[in-house]
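Reader: I would like a close look at one loop, and then at the parts of the chain around it. Please keep it plain.

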Amino acid sequence: MKTKFILTFFTLFTVLSYGQVMRNADIFNPNGGLLYNSKLYKDPNISAIQGSKHLFASWDGNYIIQSLKGMRYNLNSLNYNLESKKLESLLSKDSIFELRTNQIDYILANSKRYKVINEELYQEMNNGKFKIYKQFSIKIQDAFINPMTKSESGAPQYIQVPHYFYFKNDMLVPFKLKKKEVLTMLKDKEAQVKAYADEKDFSF
């Protein structure tokens with residue numbers, strides 16, 4: 001009963017807020033909408049590990065979701081859970097709504113475009129035919145151990161780790177931001193790339 005009430009409330013809210021521009025009511029439609037699941041929101045401030053499991057620093061903003069069916073939605077709350085690989089929306093103080101990433105083409109967040117590939121989120125780093133993508137994973141960095149006292153100083157924390165990819169033969173290929181790997185990736189333009197990097201004094 002509570003779930004039905006929440007869905008009805010947010011459906012009415014989104015129709016009144018965005019109905020003239022976006023079909024946001026469809027996002028909460030239990031019959032084919034983007035809503036996948038809801039779960040209890042846990043305040044990260046009470047965790048023994050500092051930092052966040054989420055990609056964006058803030059849940060609040062102007063987030064645009066483009067579905068594979070061509071529908072566009074606008075949400076004021078969105079984030080990407082780097083641990084569960086789920087897009088989430090914090091639409092009440094104690095509930096998180098998970099979205100179906102397999103039905104989403106891309107999202108626009110904080111002036112950046114993120115493409116959904118194999119149900120995971122990748123940041124598009126450039127325009128054009130040859131695209132480079134950036135993806136983040138998460139790891140826990142242990143608390144600092146004072147070498148003198150052998151005791152922990154501070155607390156463990158979540159750290160975002162970037163990874164870079166490009167498409168080759170319709171597959172994502174990982175690479176590192178090193179001169180040799182970049183030039184191998186762009187071997188048909190190697191001379192031009194090296195000359196441009198030297199001229200601009202760029203680091204690979």
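Author: N110 is partly exposed, with a relative accessible area of 44%; buried means under 20%, exposed over 50%, and partly exposed in between, with a 1.4 Å probe and protein chains only. This is a predicted model, in which local features need pLDDT of at least 70, side-chain atom pairs count only at pLDDT 80 or more, and totals for chains, interfaces and linings use all residues. Residues are numbered from 1 along each chain as its sequence is written, and side-chain values use heavy atoms, with hydrogens and water left out.

N110 sits in the loop between strand 7 and strand 8. Strands are DSSP runs of E with at least two residues, numbered from the N terminus. S111 is placed in the loop between strand 7 and strand 8 as well, and at 84% relative accessibility S111 counts as exposed. Most residues other than glycine have a negative phi. N110 has a positive phi, near 55°, and S111 has a positive phi of about 65° although it is not a glycine.

The largest nonpolar core has 19 residues, of which L55, I65, L78, L87, I104, I107 and L121 touch the most other members. Such a core is a set of buried Ala, Val, Leu, Ile, Met, Phe, Trp, Tyr and Cys residues joined through side-chain atoms within 4.5 Å. Strand 2, strand 3 (72-77), strand 7 and strand 8 (112-117) are the elements that give two or more residues to this core, and strand 7 gives the largest share, three residues. In soluble globular proteins, nonpolar side chains tend to be buried together.

Another loop, between strand 6 (95-99) and strand 7 (104-109), holds T101. T101 is buried, with a relative accessible area of 4%. The side chain of T101 reaches the backbone oxygen of E119 at 3.5 Å.

Notes:
Helices (H or I, at least four residues) and strands (E, at least two) are DSSP runs, numbered from the N terminus. A polar contact is a pair of N or O atoms within 3.5 Å; within protein, one must be able to donate a hydrogen and the other to accept it, and residues adjacent in sequence count only if both atoms are side-chain atoms.
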